[in-house]
Amino acid sequence: MNLPPPLPTHPRGWWARHWRWALPLALLLTITALAGVAWWLLVQWSHWSRGSEPYQEAMRRARCSVDLVAHLGEPIQDGFLPMGELETSSTGVGSSQFVVHLSGPRGKGRLFLQAEREQGRWDYPMLYVLVKDAEPIDLTALDDVEAATECALEACRAQGECPALAPPLEV
């Protein structure tokens with residue numbers, strides 16, 4: 001008795017032959033792409049928020065504060081990712097709230113900012129820095145119009161009336 005001829009077989013496809021390494025690689029590439037998109041969004045948020053007018057003014061006031069420079073030293077650097085929000089509208093109304101990590105040669109602190117915008121002009125009802133083992137340092141001491149044109153640190157250095165700023169701590 002003769003056996004019937006074998007049935008023709010279809011060759012297995014690429015996926016059927018390589019799924020054991022292709023599936024983990026596809027998952028890894030997908031996760032890497034999602035992480036890259038998340039990182040890109042964080043970098044864009046950091047760049048956008050750092051360029052905002054309230055953030056720039058808060059950092060200018062922080063760097064011009066005699067008390068803050070005495071606690072943190074110079075230069076005062078801001079952290080990579082400010083936390084908070086910024087809302088503005090075309091009608092000139094807006095609000096901003098940020099928490100920014102600050103650091104200097106002598107220590108670290110956190111800057112708290114709340115700003116309100118009306119008729120195209122920003123007002124800073126809350127702007128202070130918390131540093132370790134010290135009272136909060138208020139950066140709203142001056143009127144907003146006056147504060148925008150004045151730097152207390154430069155003024156006291158020009159007049160020679162700055163309190164003695166301690167040299168950076170030796171590590």
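Helices here are DSSP runs of H or I with at least four residues, and strands are runs of E with at least two, both numbered from the N terminus. The model is a predicted one, so local features need pLDDT of at least 70 and side-chain atom pairs count only at pLDDT 80 or more, while totals for chains, interfaces and linings use all residues. Residue numbers start from 1 along each chain as its sequence is written, and side-chain values rest on heavy atoms, with hydrogens and water left out.

The structure holds 3 salt bridges, each a side-chain nitrogen of Lys or Arg within 4 Å of a carboxyl oxygen of Asp or Glu. In H2, glutamate 57 and arginine 60 sit 3 residues apart, about one helical turn, and their closest N and O atoms are 3.0 Å apart. Glutamate 57 also pairs with arginine 61, at 2.9 Å between the closest N and O atoms. Glutamate 57 is buried at 12% relative accessible area, as is arginine 61 at 6%, whereas arginine 60 is partly exposed at 25% (buried is under 20%, exposed over 50%, partly exposed in between, with a 1.4 Å probe and protein chains only).

Arginine 50 and aspartate 78 also meet in a salt bridge, at 3.7 Å from N to O. This pair links distant parts of the chain, helix H1 (residues 14-50) and strand S1 (residues 77-78), 28 residues apart.
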